Amino acid sequence: MDPFKEGLEMAGIGGCRSSGAITADTLVYTGSGKLVSIHGLATGTDEAHVKIYDNTSATGTLIGVLYIGGSKATLSAESDCHGVIFRTGLYADVTHVSGTGATFIVEFN
């Protein structure tokens, strides 16, 4: 039996939700869940960082961070958050250090 043809989920293969592209402060999700990962991409000489809070605003418990860009930094990176539990929500606080071309994606379930 082919689980894909039968429409069944294979054991060990799960999914997660995505924030989509984030370039500014935003409320990603309200409710509880697990923070899976943060991805970032900077173009040219752009430099930025994102802080992920377990809250509906940029206060409370900081549960994830990612810094990208700059002349000596990585232009793309991922932060594996190992399923950090959040209770209130996910809020992304984006700071552009230089330029405005940096983009982040938050994955959660």
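Helices (H or I, at least four residues) and strands (E, at least two) are taken here as DSSP runs, numbered from the N terminus. By that rule the protein chain has one helix and eight strands, in the order α-β-β-β-β-β-β-β-β from the N terminus on. The model is predicted, so local features need pLDDT of at least 70 and side-chain atom pairs count only at pLDDT 80 or more, while totals for chains, interfaces and linings use all residues. Residues are numbered from 1 along each chain as its sequence is written, and side-chain values use heavy atoms, with hydrogens and water left out.

Of the 109 residues in the protein chain, 32% are buried, where buried means under 20% relative accessible area, exposed over 50%, and partly exposed in between (1.4 Å probe, protein chains only). Contact means heavy atoms within 4.5 Å. Among contacts between residues at least 6 apart in sequence, 78% join residues at least 24 apart.

Two strands pair if DSSP finds at least two bridges between them. Strand β1 (residues 17-18) pairs with β8 in the antiparallel sense over two bridges, and Arg17 stands opposite Phe108. Strand β3 (residues 33-41) also runs antiparallel to β8, joined to it by six bridges; here His39 has Ile105 as its bridge partner.

Ser37 is found in β3. It counts as buried because its relative accessibility is 2%. Leaving out residues up to four places away in sequence, Ser37 touches Glu78, Ser79, Asp80, Cys81, Ile105, Val106 and Glu107. Its side chain makes polar contacts with those of His39, at 3.2 Å, and Glu107, at 2.8 Å. A polar contact is a pair of N or O atoms within 3.5 Å; within protein, one must be able to donate a hydrogen and the other to accept it, and residues adjacent in sequence count only if both atoms are side-chain atoms.

A nonpolar core is a set of buried Ala, Val, Leu, Ile, Met, Phe, Trp, Tyr and Cys residues joined through side-chain atoms within 4.5 Å. The largest one has 20 residues, and those with the most contacts inside it are Ile22, Leu35, Val50, Ile52, Leu90 and Phe104. At least two residues of this core come from each of β3, β4 (47-54), β5 (61-69), β6 (76-86), β7 (89-98) and β8.
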